[in-house]
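Me: Hi! Could you walk me through this one with me?

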Amino acid sequence: MDAERQQGGDYQPFLFAEWSEELRPGSTGNGGIEAGECEESQASAALGQARALPDRLMEEVTRTKNLIEAIDRVRANKGSAGVDGMTVGELLPWVREHVQEFVASLLDGSYQPQPIRGVQIPKPGGGMRQLGIPTVIDRLVQQAILQVLDPLLDPTFSESSYGFRRGRGAFPALAKAKEYVAEGRTIVVDMDLEKFFDRVNHDILMARLARHVGDKRLLKIIRRFLEAGMMQDGVCVARHEGTPQGGPLSPLLANLLLDDLDKELERRGHCFCRYADDCNIYVRSRSAGERVLASMTGYLEGTLRLRVNREKSAVAHVEERKFLGYRLLKDGELGVAPKSVVRVKDRIRQITRRNRGIAIEAMVGELNSFLTGWVAYFRLAKCKTLLHELEGWIRRKLRCVRLKQLKRTKTIGEFLQRRGVAHRHAWMTASSGKGWWHLSACPAVNTAMNQTWLESLGLANFRQQYDRYQQEQKPPDTMSTSGGVGGRGR
């Protein structure tokens with residue numbers, strides 16, 4: 001973290017010097033703000049006034065403190081450049097130079113977002129996911145708006161909504177799902193919304209937002225963000241629906257729209273957990289599940305104009321479906337979902353490819369970074385046996401990589417001897433002519449590249465890490481949900 005972010009107050013006077021001059025006591029600034037004699041008391045009461053008079057929210061968005069916080073968050077999130085090519089490192093100099101006209105365009109409602117840069121990334125289960133990367137300036141505006149809207153909207157959301165909300169996350173959602181299953185609700189209605197972020201109806205979403213926000217300037221700017229064109233392959237395509245993932249506002253707007261679904265489920269008395277567009281409803285019988293799936297499909301498609309993926313949605317026993325990468329067991333415990341096991345193995349294969357041409361120590365560092373996070377996320381699951389199998393497999397793959405790097409019979413034989421293998425066994429193994437994977441399981445190779453050797457490379461012990469989590473016997477902190485292109489923050 002650089003010095004400017006650590007000490008936001010150091011660059012605040014310089015950043016907003018000219019703007020602050022216009023808003024001194026007795027003067028009138030853009031947007032009709034009048035600063036009185038008690039400037040500090042007005043600033044402290046501003047948030048309460050904004051909540052009481054939601055038609056003055058743009059004044060909250062453009063407050064110096066709010067913009068400074070938004071700049072810090074956008075810079076911390078990093079992320080790629082948008083269509084204009086401006087990087088996060090260029091944000092602060094730009095704001096310093098254009099702060100007056102920038103703030104004025106927000107206050108008078110004339111701010112025009114630029115097109116977003118379309119990027120497609122592969123989904124873990126197949127297919128492509130559409131991302132929309134706004135420009136750095138647009139990310140700043142979205143983040144500043146988010147910081148004002150989130151305290152206003154979040155308290156109105158359902159207690160059964162866990163995605164992209166402060167103080168919530170995947171772990172509380174899983175804990176609640178465990179409770180439902182332990183109570184005997186072992187049938188799950190797993191609803192899959194087809195391309196949800198690409199199918200959001202703008203009119204319906206803006207109508208929901210207008211229930212809470214009376215500031216027409218803010219509503220217009222958010223509408224412009226929704227309708228900003230998408231630049232892909234050099235062509236700017238107009239958008240009439242959807243709120244592409246990639247901007248700081250997207251998760252909040254998604255939760256706002258799906259809150260109607262939450263309220264409808266609560267009205268009907270259902271037990272459910274929703275994390276973003278992933279919604280699981282827990283019932284006691286398949287017949288009840290089929291009725292719920294049919295009725296909620298009608299509600300989503302008729303009222304919210306969203307499309308339910310009938311191929312992926314299902315009514316099944318909880319052990320047959322996954323939720324947030326986990327599999328719920330019939331006794332209410334958690335396991336790792338089979339698809340999550342497939343994905344972790346695929347990632348390990350990618351990291352330990354023998355033709356990568358990198359030092360084995362660097363490869364071990366990548367494994368440690370990935371698997372430390374993986375174990376931390378799946379700490380709630382019963383997966384000690386799985387971890388034992390993965391560790392054995394990883395050790396063999398690393399031995400295989402090292403043999404491939406040694407290549408020749410002479411270098412392999414000398415390496416094995418240096419690692420304590422008897423002369424005869426070392427050279428028999430080196431000259432056997434077997435493939436690298438076969439050789440990696442030979443006794444001589446296991447003796448030479450034993451646990452001590454692997455630890456000398458820096459390979460972490462993931463079972464010990466998992467055991468430490470189990471010994472804590474307390475719920476972990478909720479997962480952070482930083483957002484925008486680099487994650488969501490508030």
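Me: In which sense do strand E1 and strand E4 pair, and over how many bridges?
Reply: Strand E1 (residues 116-122) and strand E4 (residues 230-232) pair in the parallel sense, over two bridges. Two strands pair here if DSSP finds at least two bridges between them. Helices (H or I, at least four residues) and strands (E, at least two) are DSSP runs, numbered from the N terminus. Before we go on, this is a predicted model: local features need pLDDT of at least 70, side-chain atom pairs count only at pLDDT 80 or more, and totals for chains, interfaces and linings use all residues. Residues are numbered from 1 along each chain as its sequence is written, and side-chain values use heavy atoms, with hydrogens and water left out.

Me: Thanks! Which residue is the bridge partner of isoleucine 116 in E4?
Reply: That is methionine 230.

Me: And how does E1 pair with strand E2?
Reply: E1 and E2 (residues 128-133) pair in the antiparallel sense over six bridges. Glutamine 120 stands opposite glutamine 130 of E2.

Me: OK, what is the strand order in the sheet?
Reply: The order is E2-E1-E4-E5, four strands in an open sheet with mixed pairing. E2 and strand E5 (235-237) are the edge strands, each pairing on one side only. From one strand to the next, the twist averages 40°.

Me: Switching to helices, at what angle do H7 and H8 pack?
Reply: Helix H7 (residues 91-107) and helix H8 (residues 136-153) pack at about 55°, with their axes 12 Å apart. Axes are lines fitted to C-alpha atoms, for helices over the stretch in contact, and angles run from 0 to 180 degrees between N-to-C directions. H7 and H8 are therefore oblique to each other; angles under 35 degrees count as roughly parallel, over 145 as roughly antiparallel, 65 to 115 as roughly perpendicular and the rest as oblique.

Me: Nice. Which residues meet there?
Reply: From H7, Leu91, Trp94, Val95, Phe102 and Leu106 meet Val136, Ile137, Leu140 and Val141 of H8. Contact means heavy atoms within 4.5 Å.

Me: Last topic, the whole protein: how many helices and strands does the protein have?
Reply: There are 23 helices and 10 strands. Of the contacts in the protein with a separation of 6 or more, 73% are between residues 24 or more positions apart.
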